[in-house]
Amino acid sequence: MENPEALIFERSVPGRRGFRLPPCDGPVRPSEELVPEEHRRAEAPPLPEVSELNVVRHFTRLSQQNFSVDTHFYPLGSCTMKYNPKLNDRVAGWGGFALVHPFQPAAHVQGLLQLLHELEQLLCQITGMAAFTLQPAAGAQGELTGLKMIRAYHRLRGDDRPTILIPDSAHGTNPASAALSGFRVEQLRSGPNGLISVEELNAKLSRKVAALMLTNPNTLGLFETEILTITRLCHEQEALVYMDGANMNALLGLVKPGDMGIDILQLNLHKTFSTPHGGGGPGAGPVGVTKALADFLPTPRVRKVGRRFQWDDRSRHSIGRLHGFYGNIGVLVRAYVYIRTLGKEGLERVSRAAIINANYLLARLAGTFPVPFGTHCLHEFVASLKPLKPLGVTAWDVAKRLLDYGCYAPTVYFPLVVEEAFMVEPTETESKETLDAFAEALLRIAEEARTAPDTVRHAPRELAVDRLDEVKAAREPNLRWTPAASQAAEALVSPGNAE
Ligand SMILES: *Cc1c(COP(=O)(O)O)cnc(C)c1O
C-alpha cells in the first residue's frame with residue numbers, strides 16, 4: 001500500500017481559499033435583510049478550506065487510484081466495458097448538442113432532430129426492426145418500455161395475458177422489469193447445453209403467456225441456435241418474443257434480430273455503441289419493434305415532414321412518455337458518431353473481433369478453469385472456478401487478486417447457472433498482448449492458490465485500500481464528514497492496516 005490519500009477535510013487550513021471575489025464596489029446590504037430568518041443557517045457549513053491546487057491534486061490522485069477502461073483492461077462480463085473513441089465525446093460536447101435546452105422549439109434544433117431521426121433509422125437497419133424509440137435512459141428502462149408495450153398490445157386485442165417466460169440464465173433486470181410491469185414471471189430451465197430447451201418451452205407455452213423474454217446471445221455467451229423454432233412456437237400461441245439486446249456487440253453486421261422473429265428488443269447504447277459507462281450512468285436503452293407494435297411506442301416521436309423535423313405527440317396506442325424529454329442526448333450523439341465512423345463493414349469487424357478475442361481467452365484458460373457450457377463462445381464466456389474451492393479460494397478471491405495484477409475483475413457469481421461463475425468479456429478493443437497478459441495473470445493466480453492461498457484470500461494487497469466490506473458500504477454509506485468518519489477513514493487507509 002502506498003500514498004494514502006487524506007480526506008479533503010484533513011487538508012483544510014483555516015482561511016485558505018481557492019478563489020476570492022473582488023471587493024464589492026456597489027452598495028452592500030446585510031444578508032439578514034435579503035434572506036428570511038427561516039432560510040438562514042446559524043453557523044457556516046463545515047466546508048474544507050483549501051486552495052484550487054489542493055482540490056486539483058486531491059481529486060486527480062483519487063481518480064488515479066481507480067480502475068477505468070482508459071487505464072486498465074476491464075473484462076467485466078455482460079457489461080461490455082470497451083474502449084470508447086474520444087471523437088464521440090468530442091462531438092457530443094459541441095454546443096449545438098450539449099447546450100441546447102429541452103424546451104427549445106423544434107425549428108431551433110433541426111440538426112439535433114435530424115441526428116435523432118437518422119439514428120433511429122440506423123438502428124432499424126442494424127437490427128432489422130421497423131421503428132425505434134430513443135427515450136429509455138438505460139437497458140433496464142428499455143425492458144420496462146418493451147414490457148409495457150407488450151401489455152398494451154395484448155390489452156388492445158382484449159387478451160390480457162398474465163405471464164412472461166424468462167430463461168434461468170437471464171440478467172436480473174429481466175424478471176425485475178417483468179414483475180414491475182405487473183406480469184407473473186415463469187422461469188424456463190436451460191437445457192444441458194446452456195440454451196433454451198425447446199421441450200421446456202413447449203411445456204410452459206400457453207395462451208396465458210404474453211411474451212418470452214430471451215437474451216441472444218445469452219448470458220453464457222452462447223447463440224440460441226434454435227431461435228427460429230423458438231420464435232415460431234411463441235407466435236403460434238400469439239405470444240410475443242422480447243429480446244434483451246444488451247449483447248448486440250456479438251451480432252453487429254452478422255445477424256439481425258428482425259430476421260430471427262424478434263418482436264421487440266432494447267439495445268444498450270452505452271455498451272455496444274460506445275459510451276463510457278459505469279457508476280450508474282448515463283446510458284441509453286432504445287427500443288425497437290416490428291411494424292405491428294410501432295403504434296405503441298412512447299411519444300413524442302421525431303417525424304420528418306417534407307425537409308423539416310418535428311416532434312409528434314399524436315399516437316393512438318402509445319404507452320406515453322418514458323423520459324422527461326427525449327432521452328440522454330449525449331449518449332445518443334456518441335452512438336450516432338460511432339456508427340457513422342465505423343460504417344457497415346466496421347460494425348461487422350467489431351463483432352468478429354469481439355468474438356475472436358473471447359474465444360482466444362477461452363482457449364487459453366479452459367485447461368485450467370473449466371467452461372461448463374460450450375467449447376466456443378460469442379463475445380463472452382463463463383468459466384467456473386470450482387476447482388479452486390478445495391484450496392479455500394473462491395471466485396471472489398481471484399477477482400480481487402486480479403486487481404493486484406492491474407486488471408479489473410471479471411463479473412463473478414453471474415449467471416447463477418454456473419457454480420463459482422467467472423464471466424469474461426474481453427471486448428473487441430483489446431490487443432493480443434493485453435489478452436495474453438490477462439491469461440498469464442490468471443494462470444499465475446491459479447498457481448498461487450495452490451502454493452500461497454493466503455495471498456489470494458487476502459487480496460488485494462497492492463492497492464490503496466485492502467478488501468472492503470462492500471455490503472456495508474452499499475447499505476450504510478457514510479457520505480458526510482464527521483470526526484468519527486474521518487477517524488474511521490484514517491484507520492482504513494493507515495499503513496498499519498494494509499496487511
Ligand atoms: C447490462 C445488461 C442489462 C441492464 O442494462 P442497464 O443499462 O444496466 O439497465 C440487461 N440485460 C443484460 C444482458 C445486460 O448485460
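1. Contact here means heavy atoms within 4.5 Å. Leaving aside its neighbours within four places in sequence, Asn-84 is in contact with Ser-274, Thr-275 and Pro-276. Please keep in mind that this is a predicted model, in which local features need pLDDT of at least 70 and side-chain atom pairs count only at pLDDT 80 or more, while totals for chains, interfaces and linings use all residues. Residues are numbered from 1 along each chain as its sequence is written, and side-chain values use heavy atoms, with hydrogens and water left out.

2. Asn-84 is found in the loop between helix H2 (52-64) and helix H3 (86-92), where helices (H or I, at least four residues) and strands (E, at least two) are DSSP runs numbered from the N terminus. Is Asn-84 buried or exposed? Its relative accessible area is 8%, so Asn-84 is buried, a term that means under 20%, with exposed meaning over 50% and partly exposed in between (1.4 Å probe, protein chains only). A polar atom of the Asn-84 side chain lies 3.3 Å from the backbone oxygen of Lys-82.

3. Leaving aside neighbours within four places in sequence, Asn-359 is in contact with His-376, Cys-377 and Leu-378.

4. Around the ligand, the shell has 3 nonpolar, 6 polar and 3 charged residues (Ala, Val, Leu, Ile, Met, Phe, Trp, Tyr, Cys and Pro count as nonpolar, Asp, Glu, Lys and Arg as charged, and the others, Gly among them, as polar). Helix H6 (139-156) and helix H10 (269-272) each supply at least two residues of this shell, and H6 gives the most, with 3 residues.

5. A nitrogen atom of the ligand is 2.5 Å from an N or O atom in the side chain of Asp-244, and an oxygen atom of the ligand is 2.6 Å from an N or O atom in the side chain of His-270. Taken alone the ligand exposes 380 Å², of which the protein buries 86%, with areas from the Shrake-Rupley method and a 1.4 Å probe.

6. Helix H13 (residues 432-451) has 20 residues, which at 1.5 Å a residue should span 28 Å, and its end C-alpha atoms are 28 Å apart, which agrees; the expected span is 1.5 Å times one less than the number of residues. The buried residues of H13 include Leu-435, Phe-438 and Leu-442, and what covers the buried residues of H13 includes helix H11 (329-365) and strand E12 (421-424).

Definitions and conventions:
A polar contact is a pair of N or O atoms within 3.5 Å; within protein, one must be able to donate a hydrogen and the other to accept it, and residues adjacent in sequence count only if both atoms are side-chain atoms.
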